[in-house]
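The sequence and model are shown first.

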Amino acid sequence: MKKTLFGALLTSAALTFGAGSAAYATECIAPANPGGGWDFTCRQVGKLLYDLKLVDQPVQVTNMAGAGGGVAYTHVVTERNEAADLIVAASSATTTRLAQNAFAGMTADQVRFVGAIGADPGVIVVAKDSQFQTLGDLVEAIKADPGSVTFAGGSAAGGFDHMKPLQVLKAAGFDDIRSVKYIAVDGGADAITQTIGGFTQAMTGDMSETIGFLKAGDIRILAVLTEERVPGFDDIPTAREQGFDVVAVNWRGLYVPKGISDEQFNDWAAKLQAVADSAEWKQVMMDNGLAPFTKVGADFQGWVDQVVAETVTLSKEIGVIQ
Amino acid sequence: MEILANLAHGFTVAATPFTLFLAVVGCFLGTIFGALPGLGPSNGVAILIPLAFTLGLDATQALVLLTSVYYGTMYGGRISSILLNIPGDEPAMMTTLDGFPMAKQGRAGDALVISGVASFMGAFLSTVGLVIMAPLLAAIAYLFGPAEYFALYLLAFLTLGGVASKNQAKAALAAALGLGIAMIGVDNATGMPRFTGGNLHLNDGVDFLVAIVGLFAIAEVFIFIESHGKNSAIGVALDKVSIPWRDLRSTFGTMLRGSGIGFVAGVLPGAGASLGSFLAYMAEKSWLGSRGRFGTGDPRGVAAPEAGNNAAAGGAMVPMLTLGVPGSGTTAVMLAVLMTLNITPGPLLFSERPEVVWGLIASLFIANIVLLIMNVPMVKLFVKVLMVPAWVLMPMVTMVSFVGIYSLTGSYFDLVLMVGFGILGYILRKLDVPAVPVILGILLGNEMENALRRAMTISNGDWTYLFSSPIAIGLWIFAIAGFVAPFFLRGKLKKPPVPATDDLNED
């Protein structure tokens, strides 16, 4: 009997611990299970907000997984619309899904995107012995025969990883993007494995996913989809300098409920800017393969609106949405 | 020699009093998480992540804690499979098939000891495999493309009908039901939601854990209520635990084979421990043919899946560490932890962070020995958790099921879904349809479909691509043989089974 009680108590204690209980502190919702990118954003930003004395109490992280962030999004819009002490982790995946109506009718204008404070640059990768030496080679091969190249990526069809090569091809003047072949596998590392194995000809993903394989010499990065070359990887050319004007980065940031006042919104923006400027955050970015990418407040909201509009156009062309 | 030096280095990292303490705590918690239906390896590990961060553990310590929990759940899952006929977690599902019949025959203690030793063998051998072959094995992942994976899952699927010993048609029906449930959720190949009824909660599909807890634990509660405890599995007695040396000797070969199969299944990214235990069980069943009494309490039917799932747990570490590709759901969670600890798994991890890798491997050996002690001589301690009067146990099982599932997603929806599965499980029980193939259908169906869709995309719709490599062709031959063979063997099977003791020397 004692053992039973002990077991049950232990379990419930551990569970309570895991789930977290609401307190009167700032809450950061990570719309995924512990350990993922959104969880990382909440925990790191939450920690720095408190360490830098931008909030009075430690930030409470709540994990609310489901539907690729849709469950948390619905929760915020319908139940927490005026919560001024709530921030929610977001990334490119959030806006891509919103643009594609993957959150059951929810739209991007039902919350306010308050800021991005780092980004994982998009990359196009081939195996080390691939015939393609430059992004141009790859694009020409697809133009000549779209069936000859298959991309592997970690997101579902129509997801952010799928969009990257399509944007490059659009920029190259290739309009038949529905003929571009893409397979969705379980994560970036799996996509690289399939590419090294020769089952797919190229991989599309985030830079952080590729670093181990890059250092081991198993792959070559044909292009990084940023405005400038990434510090520390100065020998990898951008798509832009190869003549394809595409910038696609997986930003890490936050949104807040729609119903808060402009003053509260600007307050959050200022706090995020302070986190982004701190030496601690710069260290965190370096440790985790993130490139600098800071946009806050109205500036960020405007950029998000533009990205969403572009994604809608592209998604319609490939038939993910009508 | 270099391996031994590295390993010695690993032990110096792992064998500090504090890390040993963490290993013991992790093993204990893991066994309990595993034994309680509703809490499996992935949420067991996920629950402890915040704890690891709060305690400020360094990379090696955090890994020791989490891998001990992982291995512990693999051991613990069998306890409720055997005693309650409710798998403690999904890889322990196959253990119910022979473990529970053994318990009903009054051999619960034997089943626990055999499965405990099998778990140890599986985990130990796969850890040795990890040490010797990790860098070589990483290359296997490069040989498996969509066509090969499709053939592998097909092999599993075509042998599914044989899971039930009595009525194969019912097993096939159950598998088809699982396959249907697997179709729910966003289709990876098009990004379109299917059969979700517009409900966001179904976009990610049905979680196996929700299905398994519903079909087994909640259904058991319904049966219990209906029959006032008479037809329920609850209440199997366990008198004394002694070591059945004879059975251990006779299942030794089974454990070795199960470990080998499980390890390979674990190494392949995506296949995981459930496939490992399933293939180990089915392979043993067909290997023994009419000489086995599978499904009716054959000790080998307990040894094979337990060796298989524990070996797969070790095997799954290979792609996780060497490629950064998780080999199972739990390693996916652990991979995320590694990233957060600023360790990037991948081809360079062994050379760049040897202290982490070898510390981890050393701690796996330590955890294994701790677990063997906890799960064989001290197994009664855990059994006591499940051996309480039914009026205490049933509410507890129900509560832990609900809390466990809620901790997965924090959504009420999964609780409703779980009760739905409970009702389905009750109906299936009444119709005498086995529930195990439903789960396997969900689990394998998803992966099999994804593999087929990827293959078709790559080949521009050319079906011959599925037979385009020697590995794929080999798997197809096995798959077809596995499906067709029972028809030819049927005549043979009708002969009276040879007494189990006669085949000892043939193993």
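The contact draws 53 residues from chain B and 57 residues from chain A, two residues being in contact if their C-beta atoms, placed from the backbone, lie within 7 Å. On the side of chain B that touches chain A, α20(B) gives the most, with six residues. Helices are DSSP runs (H or I, at least four residues) and strands likewise (E, at least two), numbered from the N terminus. The classes on that side of chain B are tabulated below.

| Class | Residues in chain B |
|---|---|
| nonpolar (Ala, Val, Leu, Ile, Met, Phe, Trp, Tyr, Cys and Pro) | 31 residues |
| polar (the others, Gly among them) | 19 residues |

The model is predicted: local features need pLDDT of at least 70 and side-chain atom pairs pLDDT 80 or more, whereas totals for chains, interfaces and linings use all residues. Residues are numbered from 1 along each chain as its sequence is written, with chains lettered from A and ligands numbered from 1 in the order in which they are written.

In chain A, the buried residues of α11(A) are A:Phe300, A:Gln301, A:Val304, A:Thr311, A:Leu314 and A:Ser315 (buried: 20 or more other C-beta atoms within 10 Å of the residue's own; exposed: 12 or fewer; C-beta atoms placed from the backbone). Because they cover an arc of only 150 degrees around the axis, they lie on the same side of α11(A), the arc being that of the directions from the helix axis to the C-beta atoms. These buried residues pack against α4, β4, α6 and β10 of chain A. On the other side of α11(A), A:Asp299, A:Gly302, A:Gln306, A:Ala309 and A:Thr313 are exposed. Just after α11(A), A:Gly319 adopts a positive phi of about 85 degrees.
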